Amino acid sequence: MISDARVVLACVGLHPERSAALVERFGSADAVVAALGAGRISAPPQLREAASVTAGEWRRRLSAARCTILGSDDSGYPSWLSALPGAPDAIFVKGSVPELPGVAVVGTRTPTAYGLRLAEHFGAALSVAGWPVVSGLARGIDAAAHRGGLYGPTPGAAVLGSGIDLWYPAGNRRLGEDLLDAGGAIVSEYPPGIRPEPWRFPLRNRIISGLAVAVVVVEARSDGGALITARYGLEQGREVLALPGDIDRETSVGCNLLIRDGALPVLGADDLVEALSLLTSAPPPAGGDTDTDPVVRLAGPVGRPLDWMATALGWPISDLLTRVTQLELQGRVRRHADLVVATCVNAEASQGGDQGAP
Amino acid sequence: MFAAVTSATLVGVEPRPVLVEVHVGGHVPALRLVGLPDTAVREAKDRVQAALQSSGFHMPDRRVTVNLAPADLPKAGSAYDLPIALGLIAASGEAPPAVADVVALGELALDGTVRSARGGMAAAVVAARSGRPCLLPPALVAEGSLVKGADTRAVTSLAEAVAVALGAPSSSSASRPALAEEPPDPPDLAVVRGQATARRALEVAAAGGHHLLMWGPPGSGKTLLARCLPGLVPMLSPDAAVEVAQVWSAAGRSDSPRKYPPFRAPHHTATVAALVGGGSGIITPGEVSLAHRGVLFLDELGEFPTNLLDALRQPVEEGWVIVARSGRSVLFPADVQLVAATNPCPCGFEGDRAVACRCRPAGVERYRRRLSGPLLDRFDLRVAVNRPDSSALSGPGGETSADVRMRVMAARRLQEERGSLNRSLDRRRLDALPWHPAGVTLLERAVERSALSGRGFDRVRRVARTLADLTTSEVATEAHIAEALSFRESW
């Protein structure tokens, strides 16, 4: 059980590295909190004020924000994270932390359609295969990966770079809430009320890679934040994988550099799931993804154009359009312009069953 | 010493008689022109004097007053040269008074030749109402003869006009000037290879009159598909052809009678006046009216400035447009079927299989948001068009336009029995139509999955009704609803 002083120290919101250094210098969290309150540590006044609030009051505020605090020695704190040097002494959690290590799917906030499509596809495939998807709930690749993760039974976790009670960017609030509703988790080492300052995000990335067995970089620039996650992953002994892209496309330069330096190229969702099961001890499969519908099978995970499918099936186009809409509403395929893409089987589809084949 | 010749002008597309009164009297030689003339009408004085002399008539050595009545109606253009000249000849007694008992319209060359002008159709309508013969330049006889009961006669010169007015047969036959627009037949759908989905959308658009939005990379054939549309809908009825000719005549575009509905494709750099009508002096119809009873095609919809799209909204919704200019306003018909094509993103290649899109999603989002809003809501049908693969390009062509039109006509007949095109079905009438319960369930499911908005709900039902009409089905079934849903796609 996490001690009162550690709760207060976590809730003060010091720079994580400084906080760890102070605990080392003063010997214990109690001593650091006392020194902060007494003004023996230079800190902004609001931090000193925060240090004088009691642990009971902090616990009340946390439950008001509907989140819990987990100390690194608590049973709910993922052991694969706490074992790492530099792991946060305490994390704030909404929802339930995955019981298994996940797979981090990360990338740029300004992706191309290629990256977005595949991030979502990988998210879905991982989740269906039983891997929780871990990412940062940022715009772009992160959001797409989380959205994909919602398809399967293990939706995963989002690690924030702001206080646990803030949604940043605000546009992803809905996605975050969907993630919680689906049984996933929102995680942050920052207490409620902490603004999303730029320096907090790179540090946050060590938790993303820490919660995962592997880091998949979908799209990244040569100086992208996703490369920081990959580097943390390497330091933590995680596998690093990257999606190859055009060599002259700036959003793929970071990924291609990773591959040159030894990251495993990802050649597809199936390839990714297979590689993970070879590289790591695979989690128990969470259910098959063999859809028997001819349209879904023909579309496949990469997608096929409507016109091509009509010819291949020998169906009138109107019959195909009818069928595709029905499958779409069952969540078994998606449309992207004139492409039909098979989505992985998800809980809803198996509940909804097959309603009205033509 | 007075004579009056009837001529005509247009208020919008409405023909109005103009009485050209000529009075010869007083002793100081002069020629005065009154009755709200514009510059071109004022200059008629000089043209008429020269044409009279060239044709062997004399200009009276008296004070001549020409009045264009009613005086409060603005007159523009050179169309009153011929009636002024005939009135002068009658008033000065150079020919019997019967020479003024005609409806005449046309510009005069200095040598007395009669040239084409604007409003031949209006003159023919006025002539038909008054029972007088209608003298027109040869180029305008084609549009004039569309008017029932009009006795139109082609005259090539002032001398011939006088002779014809006095009862001589017209020696010149109606001819179309070399530069008149011969409306080309729309391309046949058979030339379109592959594109099964887009062809289907086009057929549904033709059958229900739905506005159609096509989006896809450059070179995917959106424009060709749009151009095929006039060949898929029923040909113009004689009445509709007259309506169309009236608008075109008002725009000064004489035109041979057309079989196919007009197809207009204004460029995105057009002005608001060019698009919906306007102009100083006489208000002329814009592209949206020239496309009356036909297709208005907006290529590169994403490039159209917002003010143009806003200006189009009301005409497209109501089927007419009122153009107001300093104290006057005229109504033009604008019953158009809107077809728009756009790139999916700024670079144009989002979704293309051969060329990678280099746009950021935020940029794509911004590009699409520009198009959102009330006008976009009018598009019942949205279809993604992509470049067909090589096997489809080398394969056989598809069905011909004539085959598709057969099915379209059958569907249109069912709509006529119900009283309106499916495009204009509102929520109340949609609710009154029979829907299969399974289809309703499917619609509700789509709304639940937020694949459909409230307005989208009605759009899908309108298209589903057309799909049912294409299969001559009384009830719109689940399959019709599902197929209609597939055309809602993302924009």
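**Where chain A meets chain B**

In this predicted model, 26 residues of chain A are in contact with 31 residues of chain B. On the chain A side, four elements each supply at least two of the touching residues: helix H7 (113-128), helix H15 (306-313), helix H16 (317-329) and strand E11 (333-336). H16(A) gives the most, with eight residues. By residue class, the side of chain A that touches chain B divides into 14 nonpolar, eight polar and four charged residues.

Two of these elements, H16(A) and E11(A), lead on to a sheet. H16(A) lies across E11 and E12 of chain A. The helix runs at about 115 degrees to E11(A). The sheet itself is open and has three strands, in the order E10-E12-E11 (chain A), with antiparallel pairing. Strand E10 (304-305) and E11 of chain A stand at the edges. Each has a single partner strand, so one side of each is left without a neighbour in the sheet.

Look next at how E10(A) is joined to its partner. Two bridges link E10(A) to strand E12 (residues 339-342) of chain A, and these strands run antiparallel. Here Arg304(A) stands opposite Val340(A) in E12(A).

Now turn to chain B. Its secondary structure comes to 20 helices and 16 strands. The C-alpha trace of chain B spans about 90 × 45 × 45 Å along its principal axes. Chain B has 491 residues, and 50% of them count as buried. Consider the contacts in chain B with a separation of 6 or more: residues 24 or more positions apart account for 73% of them.

Technical notes:
Residues are numbered from 1 along each chain as its sequence is written. Chains are lettered from A and ligands numbered from 1 in the order in which they are written. This is a predicted model: local features need pLDDT of at least 70, side-chain atom pairs count only at pLDDT 80 or more; totals for chains, interfaces and linings use all residues. Two residues are in contact if their C-beta atoms, placed from the backbone, lie within 7 Å. Ala, Val, Leu, Ile, Met, Phe, Trp, Tyr, Cys and Pro count as nonpolar, Asp, Glu, Lys and Arg as charged, and the others, Gly among them, as polar. Two strands pair if DSSP finds at least two bridges between them. Axes are lines fitted to C-alpha atoms, for helices over the stretch in contact, and angles run from 0 to 180 degrees between N-to-C directions. A residue is buried if 20 or more other C-beta atoms lie within 10 Å of its own, exposed if 12 or fewer, and partly exposed in between; C-beta atoms are placed from the backbone.
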